[in-house]
Amino acid sequence: MISVSAAIVRDPERCGGKPTIAGTRIGVHHVISYLNLYAGDLERVHAEALEHLSMGQLQAAVAWYHDHRDEIDAILQE
């Protein structure tokens with residue numbers, strides 16, 4: 001599994017500084033939105049929506065969400 005601290009980054013020039021998966025424009029909030037859409041099935045998120053990412057990247061995004069739930073939930077409410 002990829003280290004969460006290395007896998008999730010913030011860059012004010014990318015996605016308004018929201019946390020994203022390193023090397024992509026995919027925000028943690030995008031992963032969580034898909035996870036909610038697919039009833040918590042991360043393998044389905046991978047297969048049907050974000051197949052270009054590794055499962056390790058997706059797992060890191062979910063782990064980051066669990067550590068920063070309030071922030072990501074606020075982004076999802078926007």
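How close do the axes of α4 and α5 come, and at what angle do they cross? They come within 5 Å and cross at roughly 105 degrees. This is a predicted model, in which local features need pLDDT of at least 70 and side-chain atom pairs count only at pLDDT 80 or more, while totals for chains, interfaces and linings use all residues. Residues are numbered from 1 along each chain as its sequence is written, and side-chain values use heavy atoms, with hydrogens and water left out. Helices (H or I, at least four residues) and strands (E, at least two) are DSSP runs, numbered from the N terminus.

**Helices α4 and α5**

- Axes are lines fitted to C-alpha atoms, for helices over the stretch in contact, and angles run from 0 to 180 degrees between N-to-C directions.
- On the α4 side, Trp 64, Tyr 65, His 66 and Asp 67 are in contact (heavy atoms within 4.5 Å) with Arg 69, Glu 71, Ile 72 and Asp 73 of α5.
- The residues of this contact divide into three nonpolar, one polar and four charged.
- For these classes, Ala, Val, Leu, Ile, Met, Phe, Trp, Tyr, Cys and Pro count as nonpolar, Asp, Glu, Lys and Arg as charged, and the others, Gly among them, as polar.

**Helices α2 and α5**

- The axes of α2 and α5 are 10 Å apart, and the helices pack at an angle of about 75 degrees.
- That angle makes α2 roughly perpendicular to α5.
- Val 28, His 29, Ile 32, Ser 33 and Asn 36 of α2 make the contact with Ile 72, Ile 75 and Leu 76 of α5.
- By class, the contact of α2 with α5 has five nonpolar, three polar and no charged residues.

**The buried side of α2**

- Helix α2 spans residues 28-37, and Val 28, His 29, Val 31, Ile 32 and Leu 35 in this helix are buried (under 20% relative accessible area; exposed is over 50% and partly exposed in between, with a 1.4 Å probe and protein chains only).
- His 29 counts as buried at 13% relative accessibility, and beyond four places in sequence His 29 touches Lys 18, Ile 72, Ile 75 and Leu 76.

**Nonpolar core**

- The largest nonpolar core has 22 residues; such a core is a set of buried Ala, Val, Leu, Ile, Met, Phe, Trp, Tyr and Cys residues joined through side-chain atoms within 4.5 Å.
- Ile 8, Ile 21, Val 28, Val 31, Ile 32, Leu 50 and Ile 72 touch the most other members.
- Two or more residues come from each of α2, α3, α4 and α5, and α4 gives the most, with six.
- Leaving aside neighbours within four places in sequence, Ile 72 is in contact with Pro 19, Val 28, His 29, Ile 32, Trp 64 and Tyr 65.

- Cys 15, in the loop between β1 and β2, has a positive phi near 55 degrees and is partly exposed at 21% relative accessible area.
- Ala 39, in the loop between α2 and α3, has a positive phi of about 50 degrees and is exposed at 74%.

Conventions:
Angles under 35 degrees count as roughly parallel, over 145 as roughly antiparallel, 65 to 115 as roughly perpendicular and the rest as oblique.
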